[in-house]
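The following note sets out points for a colleague who is reading this structure alongside its sequence.

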Amino acid sequence: MSSSRLVKFGIPIVVALVAVGLGITFLASQPSQPPVTTTTKSPTVTTQTTTTLSPTTPQTTTTIQTTSPPTTITTTQTTPTQTTTTPTFQVNLRSFFNTYIQDISKRDVSAVSSKYTSASVAVWGGKAAGLGGTYRGEGNIRILYIAALGTAKTIEFKEASYKERVENNMGIIESEQEISGNSDILGSFTGKVKITLKVTVEGNRPVIIEENWDYLEFNYEKTGGATTFPQWADVKAGRPIVLEPSKNFKDLAWFLSDYFALTVYAAVAAVAVVALTASRRKR
């Protein structure tokens, strides 16, 4: 009875083991399937998935390849820009004006005229008596100051106001001055003048490019100031004047020339007579 049971249960087990062994042998004899590759492309990312099938253990390999967009390098050649910087106006206007007034007070025509150039313009207006007009160039401005200061014994300034500013790289001075003094032509004089100067830099030195004297008041003792200098018409027109004797002086010299000649002749005759007389006495 026990042996029959062993046979009854042993046969199925043996059959099962044989079947399993045949199945394994069959699977082992089959060729393996090639890997399955799935590729997904995008503008920036490429995903590659590889699946390998084997009889026993499935294997999946995933490869992610990132592709960066091409980098563009742009080279720009720039030309250096040359910048010209205009030097800032650097003049001590207060000191310059003080020296200007002092030179006039000292009647130093050379020092005053050195502050102008051939392009300078001086305008004297208002109650300027015989000195009113427009004078162009350092030469004519020098003549103006020779006439104004040459006959002055004294001239003094008293400052009533002073202002300065810089515009377009040019210094502008505005000052009101009270003047007083004494002149051989005008006698004692007093007045008030508004002085405006435009100062620039030329040749590393400050110069007056425009000058304006506006005589607000001007009182003098003697008359005749307007006709004292007959050459003013030429100066105002921008022409250089010739300082020569007036017609009255020429007429006087011509009138006296005859008498001067007679005097010379008389002197020569007198000397001759004296010499002749002396020689006779020696004999």
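A charge is taken to sit over a ring if NZ of Lys or CZ of Arg is within 6 Å of the ring centre and within 35 degrees of the ring normal.

1. On that definition, Arg94 lies over the face of Tyr162, at 3.8 Å from the ring centre. The model is predicted, and the values in this note are to be read accordingly.

2. The largest nonpolar core has 36 residues, of which Tyr100, Ile104, Tyr145 and Trp213 touch the most other members. Two or more residues each come from α2 (93-105), α3 (109-113), β4 (116-126), α4 (137-150), β6 (152-167), β7 (170-183), β8 (187-202) and β9 (205-220). The helix α2 gives the most, with 6 residues. In soluble globular proteins, nonpolar side chains tend to be buried together.

3. Which residues does Ile104 contact, leaving aside its neighbours within four places in sequence? They are Val112, Tyr145, Leu149, Ile155, Phe157 and Trp213. Of these contacts, Tyr145 and Trp213 are also among the core members that touch the most others.

4. Strands β6 and β7 are paired in the antiparallel sense, over 14 bridges. Within this pairing, Ala152 stands opposite Ser183 in β7. The hairpin of β6 and β7 has 2 residues between the strands, and Asn168 takes a positive phi near 50° there.

5. Beyond its neighbours within four places in sequence, Lys192 is in contact with Glu176, Gln177, Glu178, Ile179, Asp214, Tyr215, Leu216 and Glu217. Lys192 and Lys127 are 65 residues apart in sequence, with a C-alpha to C-alpha separation of 9.6 Å.

6. The structure holds 11 aromatic pairs. For Phe189 and Phe218, the ring centres are 5.9 Å apart and the planes lie at 35°, so the pair is tilted. This pair links distant parts of the chain, with Phe189 in strand β8 and Phe218 in strand β9, 29 residues apart. Both Phe189 and Phe218 are buried.

7. One aromatic cluster is formed by Tyr116, Trp124, Tyr145, Phe157, Phe189, Trp213, Tyr215, Phe218 and Tyr220. Among these, Tyr145, Phe157 and Trp213 are contacts of Ile104, while Tyr215 is a contact of Lys192.

How values were computed. Residues numbered from 1 in each chain as written. Predicted model: local features only at pLDDT ≥ 70, side-chain atom pairs only at ≥ 80, totals over all residues. Heavy atoms only, no water. Core = buried A, V, L, I, M, F, W, Y, C linked by side-chain atoms within 4.5 Å. Buried < 20%, exposed > 50% of the residue type's maximum accessible area, 1.4 Å probe, protein only. Helix = DSSP H or I, 4+ residues; strand = E, 2+ residues; numbered from the N terminus. Contact = heavy atoms within 4.5 Å. Pairing = 2+ DSSP bridges. Phe/Tyr/Trp six-rings, centres within 6.5 Å; stacked < 30°, edge-to-face > 60°.
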